[in-house]
Amino acid sequence: MTTLLAPNACQTMADLRAQIDAIDTDLIGLLVKRSHYIDRAVDLKKIEGLPARTTDRVAAVLDKVSTTASEQGLDPDLAHKLWAELIEWSIQREIRELGE
């Protein structure tokens, strides 16, 4: 992860934007890592005979994300929407790979 200036240490919009850009780069890197786990999930779901969409798991992840967001000071509705999109993208990817 990138070492960032504290928000209050940013003296110009250019400073602030550079920090946001660095965070965005880190977020992309984390999403890439997450996608590798989704790739492995496809392999394991094939072995274990599991479907791409597991409704209970989706609900549990969304609940946990909303709770974690709230605990850390992020709007839980925003986190829920972002993860719902991320999860749906992941499921569609799994569906293609599993041939469902």
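Colleague: How many salt bridges does a search of the whole structure find?
Modeller: The search finds four salt bridges, the term being used for a side-chain nitrogen of Lys or Arg within 4 Å of a carboxyl oxygen of Asp or Glu. This is a predicted model, in which local features need pLDDT of at least 70 and side-chain atom pairs count only at pLDDT 80 or more, while totals for chains, interfaces and linings use all residues. Residues are numbered from 1 along each chain as its sequence is written, and side-chain values use heavy atoms, with hydrogens and water left out.

Colleague: What makes the contact between Arg93 and Asp39 a salt bridge?
Modeller: The N to O distance between the two side chains is 2.5 Å, and the definition asks for a nitrogen within 4 Å of a carboxyl oxygen, so the pair qualifies. Arg93 in helix H3 and Asp39 in helix H1 are 54 residues apart, and the pair links distant parts of the chain; helices here are DSSP runs (H or I, at least four residues).

Colleague: What separates Arg40 from Asp43 in helix H1?
Modeller: Arg40 and Asp43 are three residues apart in helix H1, and are therefore separated by about one helical turn. The closest N and O atoms of their salt bridge are 3.7 Å apart. Arg40 is partly exposed at 43%, and Asp43 is partly exposed at 36%.

Colleague: What does the salt bridge of Glu94 and Lys45 tie together?
Modeller: The side chains of Glu94 and Lys45 meet at 2.6 Å, N to O. Glu94 lies in helix H3 and Lys45 in helix H1, so the pair ties together parts that are 49 residues apart in sequence. Both residues are buried.

Colleague: Why does Ser66 count as buried?
Modeller: Ser66 has 17% relative accessibility, and therefore counts as buried. Ser66 is placed in helix H2 and, leaving aside residues up to four places away in sequence, touches Pro76 and His80, where contact means heavy atoms within 4.5 Å.

Terms used: Helix = DSSP H or I, 4+ residues; strand = E, 2+ residues; numbered from the N terminus. Buried < 20%, exposed > 50% of the residue type's maximum accessible area, 1.4 Å probe, protein only.
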